[in-house]
Amino acid sequence: MYAAYAGRQLRLFNDSEVNAIHEGVVRLLEEVGMKVKSKQAFEIFEKGGAIVDPATEIVKIPRAMLEKAIKTAPSKVTIYGRNEKHDAVLEKDRVHFGTGGTVCYALDFETGERRPTITHDVRDLARLVDTLDNIAFYVIHTYPADVREDDVDVNRFYWAITNTTKPIMGGMYTMKGLREAIKVSEMVAGGADKLRERPFVSFITLMVSPLVMDWLYTDFLIEVASKGLPLAVPSEPLAGATSPVTLASTITINLAESLAGLTLTQLVNPGTPALIGTTSSIMDMNTGTYVAGAIESSLINIGIAQMAQYYDLPLYATGGQSDAKLNDCQAGYESASQAMVLGLSGANWIHDAAGLLECCTTISYEKTVIDNEILGNVLRVLRGVEVNEDSLAIDAIKEVGPAGNFLAHEHTASHFRSEFLIPKVSDRWNRITWNEKGSLDTHARAHKIAEKILREHRAEPIDRQIQAEIRRMFPAIKGQDL
């Protein structure tokens, strides 16, 4: 089991403010409603007792229906790994960080030049994540441009499943691809029932701001929920564009949209393991574009984390991104500040936390390694300071006495590895030693770490016979197995 730590040290709202946001959510769903483009979903809502208008495609969700869905949805969701040591239990304020987004470009590992992402990026980033201790899960975050759109989903999930034993989550592009990804997962698990017992894959479906359920993503939601597999139902209002510019209102509309999606999951299949979610940010009023690294994005996510804890629902959140184009100072401070405050909020499943640059359009192998170390610092803060007889070390202090030294004491030897975060990327040598080691900057040191992983690491394999059977069944899977 992945050793998650508790957040919730950072709160934005008092009780009356929480209640005000909740009542705002109820009013939006009861008085304004959602425009539901999916015919299936519209009929499910109508049958479930929602107030519907076929002429406008508006579905209004009564308070009682919303409250029932919140109570029916599990408060604890386990996203399993192919290896059980990576199982992630999402509940209350347990914090997990991982990759995320869907980018179309990578900084090439050999040349550093920006290029379109391909299937081997899905594979190699999965291998990288498989070894990085502070990254708990792999949200498939590259779009392989070297395969047809109809074959994107099966390639993404196949290369993820065969190259990491950590929990895997991904968005989908076609219904055909979704069904193929589920079939591949069932074959690896040993059958449909086995996959439902320990689902090591989960899926992302999206609400569209403001207040729309798109037909394609909503049909994906129905397909996944009907099979009882875990899914996230995030929304992505952009403050100042697709939601009001005020953060309180953006939080409220995000919650309304995501909870509408949650309600649909429970109408389709009561008890479906679903995460409410947010990928919200702001519009840059100077450029009129989406901003990934804004601290206001973190404030939105922190507020929604507090509301998720109020509803006792697990949360899919966003943090750790940067708008920088390179692994520079901006990339470091934006990613670190977002990851730290999101961790302290107690958000459960914090995606986009490793490797993303350039407004979440570009992935960097080196930044993935750097972010793993940033996340190590965040998790060390969340772990806190243990106070007990052993950690107070009164007896050790008495033994050493005034003007003594603790370096050689057995208490130091037995505790320093657990008490201190020992970095792998950061440089703490003096300048002379740093020069002797090649005067490498952070990016260069991360490159060397990633290079070693990609040269040497192979994930725990799946059965070769099953792997061959999958390749025969789905010849559109591109590339060679390692």
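The model is predicted, with local features needing pLDDT of at least 70 and side-chain atom pairs counting only at pLDDT 80 or more, while totals for chains, interfaces and linings use all residues. Residues are numbered from 1 along each chain as its sequence is written, and side-chain values use heavy atoms, with hydrogens and water left out.

Q: Why is Thr117 called buried?
A: Buried means under 20% relative accessible area, exposed over 50%, and partly exposed in between (1.4 Å probe, protein chains only). Thr117 has a relative accessible area of 0%, so the residue is buried.

Q: What does Thr117 touch, not counting residues up to four places away in sequence?
A: Contact means heavy atoms within 4.5 Å. Thr117 touches Val103, Cys104, Tyr105, Ala106, Thr142, Tyr143, Pro144, Ala145 and Ile363. Thr117 itself sits in the loop between β9 (114-116) and α4 (119-131); helices (H or I, at least four residues) and strands (E, at least two) are DSSP runs, numbered from the N terminus. A polar atom of the Thr117 side chain lies 3.5 Å from the backbone oxygen of Val103.

Q: What makes helix α5 (residues 152-161) largely enclosed by the rest of the structure?
A: Ten of its ten residues are buried, so helix α5 is largely enclosed. Among the buried residues are Val152, Arg156, Trp159 and Ile161. Their cover includes α4, β10 (138-139), β11 (168-171), α6 (175-189), β12 (201-204) and α18 (464-473).

Q: Why is the pair Lys176 and Asp151 called a salt bridge?
A: A salt bridge is a side-chain nitrogen of Lys or Arg within 4 Å of a carboxyl oxygen of Asp or Glu. The closest N and O atoms of Lys176 and Asp151 are 3.4 Å apart, so the pair meets the definition. Lys176 lies in helix α6 and Asp151 in the loop between β10 and α5, so the pair ties together parts that are 25 residues apart in sequence.

Q: Is Asp151 buried or exposed?
A: Asp151 has 9% relative accessibility and therefore counts as buried.

Q: How many salt bridges does a search of the whole structure find?
A: The search finds 22 salt bridges.

Definitions and conventions. A polar contact is a pair of N or O atoms within 3.5 Å; within protein, one must be able to donate a hydrogen and the other to accept it, and residues adjacent in sequence count only if both atoms are side-chain atoms.
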